[in-house]
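Please look over the sequence and the model below before reading on. The briefing that comes after them is arranged by topic.

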Amino acid sequence: MAAILLTNDDGIHSAGITSLARSLSHLGQVITVAPDRERSASSQALTLWRPIRYQEVGVDRYSVEGTPADCVILALNHILPERPDLVISGINRGSNLGHDIAYSGTVAGAMEAARHGIQAAAVSLARRAEFDFEEAAQFTAHLAGQLLNKPLPPGFILNVNVPAGGWQGVRVTRQDTCPIDNLIVESRDPRGRKYFWLDQEPEPRDLPADGDSDYVAVRSGCVSITPLKLDQTALELSSELKSWAEFLSPAACR
Ligand code: MN
């Protein structure tokens, strides 16, 4: 029987991870190891400055005082009896597209699994409010079945974004590189002190009408599947930089 580990960054009580656990249950044993509270935008952060505790909160459900990456490490090294066949992170409340991939705790949960040689997918529902995870959970169950039959090579993950309210098709995409503006909302607390709240424009500037990016696919009503890799080396710069190596060598610097 297949073993599937679930994690997320919205916390163990989020509706996204609950629907996912239900929809995947026919594929094998589903074990949820997720943060005890929301950890969105925590990226692949690790908790190093305090102890990590966890609680069993149901059958095969564990709540962890830590980040998504902490959860995966704790699950693999302590909670799970053996290595899972697949890790799914999500379903996130809101998209993880373009530049946001760098901030995402959802994507980082999948990346942490890849770092340990386990295939993984991050799944997000592209919506800002009124989340209904059922369709995305059904889609993820299909995808998970495929991944169990045809595993990804080591070091790769899938970043999946499902549009809300029905989808027209499935596109394999690349990460969008259009700039997206961060916003700082300034206000005052009841005692008159200023505070700032980070926000973001809903879409990147200059988004093209068509193309193969993740944003464009989701805006067109399609599920976006972007393959991502652990190795971030920019090979296209290597040959140019090799000439720098000579220029920067100790002999040349003296
Ligand atoms: Mn989140």
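What follows describes a predicted model, starting with its sheet and moving on to a glycine contact site, salt bridges, backbone geometry and a surface patch.

The search for charged pairs across the whole structure finds 9 salt bridges, and three of them are described here one by one.

**The sheet and the helix across it**

- Strand S1 (residues 2–7) and strand S5 (residues 86–93) run parallel and are joined by 4 bridges, with Leu5 standing opposite Val87 in S5.
- An antiparallel pairing is found between S3 and strand S4 (residues 61–64), again described by bridges, of which there are 4, and within it Gly58 has Arg61 in S4 as its bridge partner.
- S3 and S4 form a hairpin with 2 residues between them, and Asp60, which lies in the turn, has a positive phi of about 55°.

- Gly16 has its place in helix H1 (residues 15–24), and because its relative accessibility is 0%, Gly16 counts as buried.
- Leaving aside residues up to four places away in sequence, Gly16 touches Gly90, Ile91 and Phe133.
- Gly16 and Gly90 are 74 residues apart in sequence, yet their C-alpha atoms are 6.4 Å apart in space.
- Two of these contact partners of Gly16, namely Gly90 and Ile91, are linked by a peptide bond that is cis, with omega near -5°, and Ile91 lies in strand S5.
- As background to this bond and to the phi values given in this briefing, most peptide bonds are trans, and most residues other than glycine have a negative phi.

**Salt bridges**

- Arg115 forms a salt bridge with Glu112, in which the closest N and O atoms are 3.4 Å apart.
- Because Arg115 and Glu112 are 3 residues apart in helix H3 (residues 105–115), about one helical turn separates them.
- The two partners fall into separate accessibility classes: Arg115 counts as exposed at 52% relative accessibility, whereas Glu112, with a relative accessible area of 3%, is buried.
- Glu186 and Lys194 form another salt bridge, with the closest N and O atoms 3.4 Å apart; Glu186 is partly exposed, with a relative accessible area of 47%, and Lys194 also counts as partly exposed, at 48% relative accessibility.
- Glu203 forms a salt bridge with Arg219, the closest N and O atoms here being 3.8 Å apart.
- Since Glu203 lies in the loop between strand S10 (194–200) and helix H5 (214–219), and Arg219 lies in helix H5, this pair ties together parts that are 16 residues apart in sequence.
- Both members of this pair count as partly exposed, Glu203 at 34% relative accessibility and Arg219 at 40%.

**Positive phi values in loops**

- Ser43, although not a glycine, has a positive phi of about 55°; Ser43 lies in the loop between strand S2 (28–35) and S3 and is partly exposed, with a relative accessible area of 27%.
- Asp206, likewise a residue other than glycine, has a positive phi, near 60°, and is found in the loop between S10 and H5.
- With a relative accessibility of 63%, Asp206 counts as exposed.

- Leu237, Leu241, Trp244, Phe247 and Leu248 make a nonpolar surface patch of about 560 Å².
- One of these residues, Leu248, lies in the loop between helix H6 (238–247) and helix H7 (250–253).

Note on methods: Residues are numbered from 1 along each chain as its sequence is written. This is a predicted model: local features need pLDDT of at least 70, side-chain atom pairs count only at pLDDT 80 or more; totals for chains, interfaces and linings use all residues. Side-chain values use heavy atoms; hydrogens and water are left out. Two strands pair if DSSP finds at least two bridges between them. Patches are made of residues with over 30% relative accessible area and no salt bridge: like charges are joined within 9 Å, nonpolar side chains (Val, Leu, Ile, Met, Phe, Trp, Tyr) within 5 Å. Accessible areas come from the Shrake-Rupley method with a 1.4 Å probe; for residues, only the protein chains shown count as cover. A salt bridge is a side-chain nitrogen of Lys or Arg within 4 Å of a carboxyl oxygen of Asp or Glu. Buried means under 20% relative accessible area, exposed over 50%, partly exposed in between (1.4 Å probe, protein chains only). Contact means heavy atoms within 4.5 Å.
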